[in-house]
Amino acid sequence: MTAINMVSPTQRSTMQTPSLPALYFSNDENDDTPTTSTTNTITEQTTPTLQTLPPELLHKCLTQFCDWGDLAKLACVQSKWKNIVHDSAIYGGREAMWELSMCLLHGDDKYDGSSSDNEKEENTSEDSGSNIRPKNNRGLQKNEALAIKYLTLMSGVEVSQSSEEEQSKSLLPSDIDNSSDNSSKTVADEAALLQLAECHLSGTGLSQPNPTAALQYLTKAYHLTNSVASAHKLALIYEYPTQSNNLIPIDVVAAFQWFKAASEKGHVSSMAELALCYELGCGVEASDDEALDWYRKAANLGHSASHYSVGEHFEEARGVNMDHEEACLWYYRGALLGCSDGIGGLRRLENVARNLPRRLAPQLDDMLLLGL
């Protein structure tokens, strides 16, 4: 039998061990272990094998120490275990199926199912000498097509084959999704739907990209799971062609509607984008008042660039009376949050900025001097 490489608890950190029912390894009448002669039986009794271990012990060992790759190897040991990976994903529920899907989707791309991009980059670095940190402790080869199947099962919904007319029509938040019944709302999974949309936009695991299906997955995520992230993604797709690999035409009206839908649900980046739509009249009639209102909301929630935009409105008297001191305060707050444009605004109004009370802008001199 192929050797199984066990995974230490420290390597497993953020992911759980695949689980199975307690009696999964119990012997049954259809056990395909070949029969032996009396002489061979004596030898087998003195040489324990995987099949001769008590099922309770076998279950405890395998479910506490095995990884997905280990289960895949066990599937080759005997025919009754051929579906062990699938069975473990089903038995483990949502978390297990998501973990398996991500392992299949990323393979040895150093993805542990939950780490951020920065953490993944850190895990790629080499140790001293010739030792290289393990890329993926889950032990599975990349299989993007199989990952799509599990994500589809996990998503809880199906997408329809749209007509050419429907494919050319931009989807809006107000469009009612009649393709799913009420039961879909209880089983639909936001993360799976969002991941499926990304895969269909890029063609990952598919014969070719399918932007129409991607849009359907995103709209279903919005309607069935109240997904704010899907609304923001749809807005970006209709606003910026690169978001869909240039497969979906620009529709500024649709982009505005989706930015508005996401903003009303508290998505900060969408608030800043919505304010820009009002400022430029992109997809909606221009309005300095509305732009300033949404820039303020985004800024008050920590969006650095929006501080600069609010400052511009006060500097140029757009929707408010001209107030260069107020503009400098907004530029200063934005600069503190890392907005480089805030430094530029302070330099333009340097004479006003230097007269601000130090209690309002204690680090101002350093900013103007060093450009930090």
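Ground rules. I note that this is a predicted model, in which local features need pLDDT of at least 70 and side-chain atom pairs count only at pLDDT 80 or more, while totals for chains, interfaces and linings use all residues. Residues are numbered from 1 along each chain as its sequence is written, and side-chain values use heavy atoms, with hydrogens and water left out.

Overall content. I found 20 helices and zero strands in the protein, taking helices (H or I, at least four residues) and strands (E, at least two) as DSSP runs numbered from the N terminus. Buried residues make up 41% of the 372 residues. Of the contacts with a separation of 6 or more, 64% are between residues 24 or more positions apart, a contact being heavy atoms within 4.5 Å.

The two asparagines. I placed Asn246 in the loop between α12 and α13, and its phi is positive, about 60°, although it is not a glycine. Asn226, in the loop between α11 and α12, also has a positive phi of about 60° without being a glycine, and Asn226 is partly exposed at a relative accessible area of 48%. For context, most residues other than glycine have a negative phi.

The α11 and α12 pair. I then turned to helix α11 (residues 211-225) and helix α12 (residues 228-239), which pack at an angle of about 145° with their axes 8 Å apart; the axes are lines fitted to C-alpha atoms over the stretch in contact, and angles run from 0 to 180 degrees between N-to-C directions. The residues that meet are Leu215, Leu218, Thr219, Ala221 and Tyr222 from α11, and Ser230, Ala231, Lys233, Leu234, Ile237 and Tyr238 from α12. I sorted the residues of this contact into eight nonpolar, two polar and one charged, with Ala, Val, Leu, Ile, Met, Phe, Trp, Tyr, Cys and Pro counted as nonpolar, Asp, Glu, Lys and Arg as charged, and the others, Gly among them, as polar.

How enclosed is α12? Ten of its twelve residues are buried, so α12 is largely enclosed by the rest of the structure, and what covers these buried residues includes α10 (190-202), α11, α13 (252-264) and α14 (268-280).

His232. This residue of helix α12 counts as buried at 13% relative accessibility. I found a polar contact of 2.6 Å joining the side chains of His232 and Ser270 (a pair of N or O atoms within 3.5 Å, where within protein one must be able to donate a hydrogen and the other to accept it, and residues adjacent in sequence count only if both atoms are side-chain atoms). Leaving aside neighbours within four places in sequence, His232 is in contact with Phe259, Ala262, His267, Ser269 and Ser270.

His313. I looked up a further histidine, in helix α16 (residues 304-316), and His313 is buried with a relative accessible area of 0%. The side chain of His313 reaches the backbone oxygen of Ser309 at 2.9 Å, and, not counting residues up to four places away in sequence, His313 touches residues including Glu279, Asp288, Tyr295 and Arg318.

Note on methods:
Buried means under 20% relative accessible area, exposed over 50%, partly exposed in between (1.4 Å probe, protein chains only).
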